[in-house]
Amino acid sequence: MSNNYEYHRIPSVEMEEQINNYDNDNIEEQLLLSSTVKENDLFPVPLDTIDTIQQSKNSVSFDLTFCNRFLRICRILFSPLNPYGNLISILCSFIIISLTFEVVVYFVGTIPSRFYTVLIGQDFEGFKYELIWGMGFVFCAGLGKSLVKFVGGIFYLLTRKILTKYLQNQYVDQNTFYRFLSKRMDIDNPDQRIAQDIDKFAAKLREIMEEVLVSPVLIAYYTYQTWKLCGYLGPLMIYSYFFISFISSRFLISPIVNLVFMKEFHEGNFRFLHIRIRQFSESIAFGFGERAEKVRLDKYFNKILIYMRQIIEKELILETFTDTIAYLGAILSYIMIAIPIFIGVYDNVEKEKLGGIISLNAFLSMYLINQFSKIVEQSTRISDLAGYTSRIGQLLEALEEINMELENVDIDNPFNEPPRPPNSELSINFDQVTIMTPSGNRLLSEFKFTIEQENNVMIIGPNGSGKSSILRVMCGLWSTPEGLVTKPFSISNQQRILLYLPQTPYLVFGSLRDQLSYPMINDEKNCHVTDEEVDNLLSLVNLTHVKSLVRNYDEQYGMDWDKMLSPGEIQRLSIARLFYWKPAFAALDESTSSLDAVTESNFFEKCKEFNITCITVSHNMNLLKYHDKVLLLDGKGHYATSDIDINGTENIERWIDGILVRNNGIIVDE
Ligand SMILES: Nc1ncnc2c1ncn2[C@@H]1O[C@H](COP(=O)(O)OP(=O)(O)OP(=O)(O)O)[C@@H](O)[C@H]1O
């Protein structure tokens, strides 16, 4: 066996030549030219044009759109209706602690001059007093600083929690994410936006808050003090100076916002490629695709590096500007006092007093300037924040649009049918239905078909003819522009009328019990499948050996499920899930393709026994014998239906061949 494996792993001579011929320096270009690796595998447009398209499509900057998106996010964060936590009270604590800290820092700043006074006066009692108070203030300053950081941490945590839960609940709601992923190709990596960009947004917001949260209060206080000393001219000069600085810095921030956006876009793709390698490790290894994957990864990582470099370069200019502004502020305070001195306002003031006025003015205006400088110094952080704001804002807007479409759809009852009593006759009816892909491609028109209980239906037809699409419409994933689909819906969460089984079943991150009762969640309070039921279900599908693979039925497993079970066993597990639910209808999309013939036959027998009506999509004509009706699509927008009678399936196969050969229109048998 292992020799066989080794044999398959040896690349063919041509492949080896091809790989050896790659010039390492120019490997990307060569691989792109070779037929084995095509850029289009990943994206429908050449990679080099992706940036241009993304940039034009997602052109983001530090403008009114940013302000609107930022305000929108703030409304979510500070909404009193928000159920995830009270950010307003954290913000108030943040402000109070930061202000108290500023006051303590002010007193700590006066400690040297107090010591100076008592030491000059050789006042021992005063020295002891200052020592005790000084120690107290220093301790409070240390505590205050840590408290500011602590409340900042809580603020960051709550910001992330509120935004993530808000977006996640919208994204993973009804089938929003399915519609979103099929329709909104323009919004890249929604997962990254929720998992990473929100985190970065919250971290940047915290950093900015820690720096400038109390600035408005301090600015108001020192504006008043400066105005008292220098008249209106002093504050006016400082305000004008920083207004001009802020407006100028805006032009330096804007290009960085776009670069941050694009860097995050490529970060998402880079991570996506790594996830694909993990997901398709075996296929890549079988196909000798390691080098191709490496080239792809390098290509995306290089893009990230290029954007990072550009951001660093642009930040150099921005930092130079903001630091210069901060240093120029020091000179400004002297210009402010120089004007009244040189125009003769203080001509009658004694020289000693003038010295005091100059130093007091310098102190007050420097403090005011310092507060403004702090705001301008946040430019680099603000540019990052604006980039994340755009990414989160875009996702919010797109989800809102999708949710507006879904507003009137009840997922358990997507067709707004009146409820039926559980035991009434069940059927699924397509009445003059148009089936159209989300991209607007019409697959079937005026489709008329009824699926009745206990009448298994097999849907057949060439690839891409729309077989799975019929199931998508039936399960409510796709809406129908014309016609009406009626079907019974689940009366309660404990009962499923219709269950869909795909070719590759979805295995949850969870326990064996969870696999069987999916989508029901098992926990200490709600255990939906008893141990006995687990045993029965596993023996029904011949999977009893799985019991020895897990420590117990509640042990949680993640990606390991894919390694523990073969594709056929995974299909059997999903069939056990079907037998757990025993729905009235089972939509089977190639879901028995990996089963051996005996297991397949047992499966259909059991379905009959459990009164599960199968709607099967398959290319395997051997399955015809388990069905009562056949629906044939020709791939050109036509369909035909026929009963499969007791004379066997040979007639039906001839009928199918006839239609596919004639391919000339709609034939409805009844
Ligand atoms: N989410 C989607 N968005 C746009 N087009 C789609 C989407 N899903 C499927 N399609 C298109 O709809 C057409 C029918 O697809 P469908 O999956 O129904 O084919 P099928 O008959 O089941 O094919 P196969 O036998 O290969 O499974 C295909 O051309 C496919 O490209």
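How many aromatic pairs does a search of the whole structure find? In this predicted model, the search turns up 27 of them.

A pair of aromatic rings is described by two things, the distance of the centres and the angle of the planes. For Tyr129 and Trp133, the centres are 6.2 Å apart and the planes make an angle of 55°. The pair counts as tilted because planes under 30 degrees apart would be stacked and those over 60 edge-to-face. Both residues belong to helix 7, which covers residues 124-171. Tyr129 and Trp133 are four residues apart there, about one turn of the helix.

Now step back to the chain as a whole. The protein is divided into domain 1, residues 65-406, and domain 2, which is made of 427-507 + 565-664. Between the C-alpha centres of the two domains there are 56 Å. Where they meet, five residues of domain 1 are in contact with six residues of domain 2.

How much area is buried between domain 1 and domain 2? The value is about 420 Å², with carbon and sulfur atoms giving 49% of it. On the side of domain 1, Asn175, Tyr178 and Arg179 lose the most area to domain 2, and together they make up 78% of what that side buries.

As for specific interactions across this interface, the rule finds zero salt bridges, while one residue pair is in polar contact, both at pLDDT 80 or more. The residues of domain 1 that touch domain 2 comprise one nonpolar, two polar and two charged.

Terms used: Residues are numbered from 1 along each chain as its sequence is written. This is a predicted model: local features need pLDDT of at least 70, side-chain atom pairs count only at pLDDT 80 or more; totals for chains, interfaces and linings use all residues. Side-chain values use heavy atoms; hydrogens and water are left out. Domain bounds come from an automatic or database domain assignment. Contact means heavy atoms within 4.5 Å. Buried area is the accessible area (1.4 Å probe) that two parts lose on being put together, summed over both. A salt bridge is a side-chain nitrogen of Lys or Arg within 4 Å of a carboxyl oxygen of Asp or Glu. A polar contact is a pair of N or O atoms within 3.5 Å; within protein, one must be able to donate a hydrogen and the other to accept it, and residues adjacent in sequence count only if both atoms are side-chain atoms. Ala, Val, Leu, Ile, Met, Phe, Trp, Tyr, Cys and Pro count as nonpolar, Asp, Glu, Lys and Arg as charged, and the others, Gly among them, as polar. Rings of Phe, Tyr and Trp (its six-membered ring) pair if their centres lie within 6.5 Å; planes under 30 degrees apart count as stacked, over 60 as edge-to-face and the rest as tilted. Helices (H or I, at least four residues) and strands (E, at least two) are DSSP runs, numbered from the N terminus.
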